Amino acid sequence: MAYYDVTALGELLIDFTEHGLSAQGNPLLEANPGGAPCNALAMLAKLGRKTAFIGKVGTDIFGTQLKQTLEECHIGANGLVRDKKTHTTLAFVHKTPDGDRKFSFCRNPGADMMLNEDDLDEDLIKNCKIFHYGSLSMTHEPCRAATKKAIRLAEESGALLSFDPNLREPLWNSLEEARKQISFCMAHCQILKISDNELQWFTGESNFDQGIIALKKIYNIPLILLSMGKDGSRAYTKNCFVEYPAYEQPFVKDTTGAGDTFCACILHYILEHGFVEFTAQQLTEMLKFANAAASIVTTKKGALRVMPDKTEIQALIQ
């Protein structure tokens, strides 16, 4: 019997997001707890799921803030390791005029990269229903080896494996290396959440359907979710394809964490209904709920601490 609904491995960091200007006209930055795997866990915890995180932060003030945040959000923190030598990873999020985001990182190295195989709390991996991971833990050693070991342990335990590439180009030595490591991750997952621009980059196909066909030729992934921002989302299974529009918000504050929220809601649906050959109706229901939750997060600053609850999501759908 699994103790945890979802265990996730990866980065836990501080997202510095713009929060107005000072009296001198300098940008003010807010230190928001973040990191894609933990954003997803925070949403799952809000939906009543039992979650656990595996990762590494520093012993600095930010590491302490992040540990406290996990506890506040009811995310299991037993797998969080503190590194005395390396500072907590920091990300600076810049909004572009078209509403998109650019990232700058203080990670050379950052504590999340220093997670090693011996740091892994194997019980958290062996006793979960779904093991969720991204590609940031694959950029460098020793974290890459730790991620690969965790994937192996999850497979051996019979867990479902969920992968979200969450490509951050500046963190890779080369995009060729990124492609190689992301390919490894795709080869081991049963659930893939990928964004439109990641799909186009990885497959070289501008047409989304052609991109998915290209992926399916190489990887046997039973469920692929494509997030398309303001254009909504799609779900692809062996026999089914469904698209659902986005819930457009009049006032978007910050899109950070929207994709992670979407992904978490997909995992929640799978935990609720089992991992089956979903019908078109079920996939529509899945996307509707996930799109609504993701849209709510865009109206708030930060992500990890501001996830919506089920009542808020259902109210938007109604």
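A pocket, as I use the word here, is an open set of grid points with protein on both sides within 12 Å along at least five of seven lines, and its lining residues have an atom within 4 Å of a point. Keep in mind that this is a predicted model.

I'll start with the second largest pocket. The space in it comes to about 250 Å³. Which helices supply at least two residues each of its lining? They are H8, spanning 258-273, H9, spanning 280-297, and H10, spanning 310-317. H8 gives the largest share, with 5 residues.

Now the residues themselves. The lining of this pocket includes Cys 265, His 268, Tyr 269, Glu 272 and His 273. Sorted by class, the lining has 5 nonpolar, 3 polar and 4 charged residues.

Next, a pair of helices. H4 covers residues 143-157 and H5 covers residues 175-186. Their axes lie 12 Å apart, and the helices pack at an angle of about 20°. Angles under 35 degrees count as roughly parallel, so H4 and H5 are roughly parallel to each other. Their crossing is left-handed.

What makes the contact? From H4 come Arg 144, Lys 148 and Ile 151; from H5 come Glu 177, Gln 181 and Phe 184. By class, that contact of H4 with H5 has 3 charged, 2 nonpolar and 1 polar residues.

Definitions and conventions: Residues numbered from 1 in each chain as written. Predicted model: local features only at pLDDT ≥ 70, side-chain atom pairs only at ≥ 80, totals over all residues. Heavy atoms only, no water. 1 Å grid on protein atoms, 1.4 Å probe; cavity = no way out; pocket = protein on both sides within 12 Å on 5 of 7 lines; lining within 4 Å. Points joined across faces, edges and corners; volume = space filled by probe spheres on them. Helix = DSSP H or I, 4+ residues; strand = E, 2+ residues; numbered from the N terminus. Nonpolar A, V, L, I, M, F, W, Y, C, P; charged D, E, K, R; others polar. Axes fitted to C-alpha atoms, helices over the stretch in contact; angles between N-to-C directions. Parallel < 35°, antiparallel > 145°, perpendicular 65-115°, else oblique. Left-handed = near helix turned anticlockwise from the far one by under 90°. Contact = heavy atoms within 4.5 Å.
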